[in-house]
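Please open the structure in your viewer and get your selection tool ready. We will walk from a chain boundary to a sheet.

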Amino acid sequence: MGTYEKIRQFLLVNLLAYDDDLIIEDDENIFESGFVDSSFAMQLVAFVQKEYQIEVNDEDLDLSNFSSINSIVEFIGRKNSILEI
Amino acid sequence: MCGLKEIKCVVWDLDNTVWDGIILEGDEVKLKPGIKTVIETLDNRGILNSISSKGNYEDAMQKLKEFNLHKYFLYPQISWNAKSISIAKIQQILNISMDTFMFVDDQRFERDEVRSEHPEILCIAAEEYKNMLSCPYLKPKFITQDSKRRRLMYMEDNQRKKDEDLFNGPRKDFLQSLNIHFTISEAKDDDLERAEELTIRTNQLNATGKTYSYDELKKIMGSESHRLLACEMRDKYGTYGKIGIALTEDSEDYVHIKLLLMSCRVMSFGVGTVLLSYIMQEARKNGQKVRADFKHTGRNKIMYTTFKFGNFKEVLKNESDIILENDVSFIQDFPPYVKVTTP
């Protein structure tokens with residue numbers, strides 16, 4: 001599974017979506033499609049760290065790095081330049 | 001203001017600690033004189049009791065039932081595991097930090113084994129049990145409604161977790177089925193004791209690691225520019241009691257969050273974010289932005305993440321003291337599975 005699909009799967013399972021039949025587009029703002037609570041935020045950070053072997057530090061914990069599939073992929077790419085997409 | 005360490009859970013050995021004699025050796029065991037009062041009193045003070053003992057689970061539980069003591073112990077660990085492992089299990093389930101545990105055992109070897117793995121635990125010898133009730137660590141300053149119900153609340157949590165494990169389907173549907181009510185209100189006089197208790201007990205979801213005393217809070221409540229909000233939560237299993245507070249200071253341009261904390265028992269319901277959203281909505285109505293004090297305490301990373309994912313940005317950093325700011329341009333709606341009541 002590619003990076004985009006993997007992240008989409010993660011979001012579909014874990015995001016507390018406002019809408020029952022959620023489809024998450026690559027550029028969709030997940031903070032508008034679902035309720036991002038503390039548990040989900042921690043889960044998402046842990047997922048990105050583990051799956052892509054990167055360290056998410058305080059400066060990286062920015063809404064703009066996690067707001068959509070695109071931005072998460074870009075963020076991972078920046079942190080880890082040899083990522084294959 | 002430190003040194004207010006409080007024990008939240010006492011873990012007991014059984015043989016020759018709670019009772020005289022060893023079950024497996026066929027002894028007719030007898031409760032130590034006065035031990036029942038000690039356990040009941042701790043329970044009444046809101047301190048949890050659990051067990052880490054070696055032996056056969058069924059036999060030991062049977063004995064505890066005969067003594068009518070079984071109901072007081074949460075998640076008893078009776079097995080052949082090292083006691084440090086049993087205690088780690090209890091700690092994980094209760095989700096309270098290791099340095100709030102006390103371990104009572106007659107054998108020095110067991111105390112040393114636990115201490116070597118968990119140096120932050122207070123280990124005491126069995127014969128000390130007579131002095132326990134006057135030990136300052138085991139005497140919370142206030143006994144609130146919530147402390148008296150604490151064991152029951154943990155048991156309700158347990159039922160909730162079991163149901164969640166058995167529930168097939170998305171987490172959202174499960175949360176929906178809980179029928180959660182979250183009430184935010186202005187703190188009243190009788191909330192202050194609980195508020196002080198919360199500031200002392202809460203570590204993971206504490207934005208500043210600061211503690212406020214009853215008197216300090218009382219003074220703040222009387223001040224025009226401050227607001228003290230208390231949160232309460234209940235669901236179909238029962239009430240969680242007062243589980244969060246926020247202290248804010250108003251100025252012309254800002255609502256400044258001086259203190260924000262949530263009991264870790266409600267972490268998985270997203271209600272911390274609900275409280276933040278409410279504060280932001282109010283600020284937006286009044287044309288203010290929101291600022292928040294934050295300090296890394298080594299334990300409150302989740303609170304930091306909550307702020308950052310809530311669109312807060314660092315505007316000031318002085319060593320570990322941070323001020324976060326939110327321009328209230330984006331505020332999350334309340335989650336659909338929570339019924340929120342605001343002041």
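Start where the two chains meet: select the 17 residues of chain B that are in contact with 16 residues of chain A (contact means that C-beta atoms, placed from the backbone, lie within 7 Å). This is a predicted model, in which local features need pLDDT of at least 70 and side-chain atom pairs count only at pLDDT 80 or more, while totals for chains, interfaces and linings use all residues. To find your way, count residues from 1 along each chain as its sequence is written, with chains lettered from A and ligands numbered from 1 in the order in which they are written.

On chain B's side, colour α7 (171–177), α10 (271–285) and α11 (301–309), each of which supplies at least two residues. Helices (H or I, at least four residues) and strands (E, at least two) are DSSP runs, numbered from the N terminus. The most comes from α11(B), with 6 residues.

Next, select the open sheet of chain B: 8 strands in the order β13-β14-β12-β11-β10-β9-β8-β15, with mixed pairing (strands pair if DSSP finds at least two bridges between them). Which strands stand at the edges? They are β13 (313–318) and β15 (338–341) of chain B; each has a single partner strand, so one side of each is left without a neighbour in the sheet.

Now zoom in on β11 (254–262) and β12 (289–295) of chain B, which pair in the parallel sense over 4 bridges. Click B:His256 and you will find its bridge partner, B:Arg291, in β12(B).

Finish with helix α8 (192–201) of chain B, which packs on the sheet and touches β9 (226–235), β10 (238–250) and β11 of chain B.

Technical notes. Axes fitted to C-alpha atoms, helices over the stretch in contact; angles between N-to-C directions.
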